[in-house]
Amino acid sequence: MTSDIDAMYRFKAVLWVEDPETRTWLDAVWIGLAPTIKVWVAGGRSNVEAVCKQALDAGHKHVFGLVDQDFGTSNRGSWATLQPVERVYRLDVHETENLLIDPAALAGCSLNTSKRKLRDIDARLTVEASRRVWWVACMQFLRLTKEAIDSGYPKNRNDAGSLSSLAEAEAYVLGSPWFTTTASTCPYLADAANVGAGLQAAHGIVSTELADGSWRRSFPGKELFRHASSYVQRGNLGPTGHLDLVKSVSEWQRANGLVPDQATELRQELLRRV
C-alpha cells in the first residue's frame, strides 16, 4: 500500500478533485505545462478532504484538494494566504461545469457536431436556467436556515473524562452559545409564514441572478452542462460523451487564450506552496 501511495504522490504537486469532469478540465487546460501537477479523482467533497488530511498527516506536504463551492462559500479570496494545514481550495463558482457553460466555447469546440450557433446555445441555457429558479431559491433558503441552526452548536469535546456528572454535562450543553441564543429562534425558523417569506426573499435574489447573468456562476452547472452536451452533440453520446465535451470545450478555451482564471491562479498557488 505504501509503495502505491508513493507512486501516486511522486509528482511535484498532487491535486485531489471531486469528479472526472474536474480532472478532465484541468488536464486539458494545463496540458504541456511543466512541472506536472497530477490530478486524481477522490469521489466527492468529503473524500477530497479526507485524503488531503491523511496525506498531510503522513508528511506529504505537496498534496492538495479542490472542491466545488456548491451552495456554500468559496475560499478563493484567501488562496494566497491559506495556512499550512489548509489543503483544500474551493472554487468561487457552484461547480466546475459552471466554467464550461460558455456559449462561445460550446459553439466553437470541435464536438459541436449539431453546428449550434452561439446565440442559440446562450438562449437555450438561459431558458434551462429559468426553469430552475424556484429550485435554486429553495436550496439557498435551506442552506441559510441550516447555517442559522448550526451556528454555535456545541462541538464534540476531546478531553475525555472532564465531565463527571449530570450537572457538569448539563452546564456544558446549556451554557453553550447555541442554547443561549440560537435555540430560541428555532420555532421562528420553522414557522410556515416565515418559511414562505424566506423562500420569497431567496427567489428575489435568484431572479436577480437570472436577470443579470450571474446565474452562470451561482446556479448548479452540472445539469446545465449536461443539457448543453445533449444540445450541441448529435446522436447517442455514449458513456464518455459529456467528458469528451468537457475536454473539447477546455481545449477551445486554451487555444483561444480564454482559460478560466481560476485554473491559472490555482496552478500558481499549488506550485508556490511546494
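Trainee: By class, which residues make up the lining of the largest pocket?
Mentor: This is a predicted model, and its largest pocket has a volume of about 200 Å³. The lining includes charged residues, two of them, and three that are polar. The class left is the nonpolar one, with eight residues.

Trainee: Which residues are the closest to the centre of the largest pocket?
Mentor: The largest pocket, with its volume of about 200 Å³, is lined by 13 residues. The closest to its centre are Gln-140, Phe-141, Leu-144, Gly-198 and Ala-202.

Trainee: Which elements give two or more residues to the lining of the largest pocket?
Mentor: Among the residues closest to the centre of the largest pocket are Gln-140 and Gly-198. The elements that give two or more residues to the lining are helix H6 (133-150) and helix H10 (192-212).

Trainee: How many Å apart are the end C-alpha atoms of H6, and what span should its residues have?
Mentor: H6 has 18 residues, and at 1.5 Å a residue they should span 26 Å. The distance between its end C-alpha atoms agrees with that, at 26 Å.

Trainee: Within what arc do the buried residues of H6 fall, seen down its axis?
Mentor: The buried residues of H6 are Val-133, Val-136, Ala-137, Gln-140, Phe-141 and Thr-145. Seen down the axis of H6, they line one face of the helix, because they fall within an arc of 165 degrees.

Trainee: What covers the buried residues of H6?
Mentor: Gln-140 and Phe-141 are among the buried residues of H6. The elements that cover the buried residues include helix H5 (118-130), helix H9 (186-190) and H10.

Trainee: Which residue with a positive phi follows H6?
Mentor: The phi of this residue is near 80 degrees. The residue is Gly-152.

Trainee: Is His-94 buried or exposed?
Mentor: His-94 lies in the loop between strand E4 (88-90) and helix H4 (103-108). Leaving aside residues up to four places away in sequence, it touches several residues, including Asp-68, Asp-70, Arg-217 and Phe-219. Buried means under 20% relative accessible area. His-94 has 3% relative accessibility, so it counts as buried.

Trainee: Is Asp-70 buried, partly exposed or exposed?
Mentor: Asp-70, one of the residues that His-94 touches, lies in the loop between strand E3 (63-67) and E4. Its phi is positive, near 55 degrees, although Asp-70 is a residue other than glycine. At 24% relative accessibility, Asp-70 counts as partly exposed.

Trainee: Is Lys-115 buried or exposed?
Mentor: Lys-115 is found in the loop between H4 and H5. It is not a glycine, yet it has a positive phi of about 60 degrees. Exposed means over 50% relative accessible area. Lys-115 has 66%, so it is exposed.

Trainee: Of the contacts in the chain with a separation of 6 or more, what share is between residues 24 or more positions apart?
Mentor: The chain has 14 helices and four strands. Buried residues make up 38% of its 274 residues. For contacts with a separation of 6 or more, the share from residues 24 or more positions apart is 72%.

Definitions and conventions:
Residues numbered from 1 in each chain as written. Predicted model: local features only at pLDDT ≥ 70, side-chain atom pairs only at ≥ 80, totals over all residues. Heavy atoms only, no water. 1 Å grid on protein atoms, 1.4 Å probe; cavity = no way out; pocket = protein on both sides within 12 Å on 5 of 7 lines; lining within 4 Å. Points joined across faces, edges and corners; volume = space filled by probe spheres on them. Nonpolar A, V, L, I, M, F, W, Y, C, P; charged D, E, K, R; others polar. Expected span 1.5 Å × (residues − 1). Buried < 20%, exposed > 50% of the residue type's maximum accessible area, 1.4 Å probe, protein only. Arc of directions from axis to C-beta. Contact = heavy atoms within 4.5 Å.
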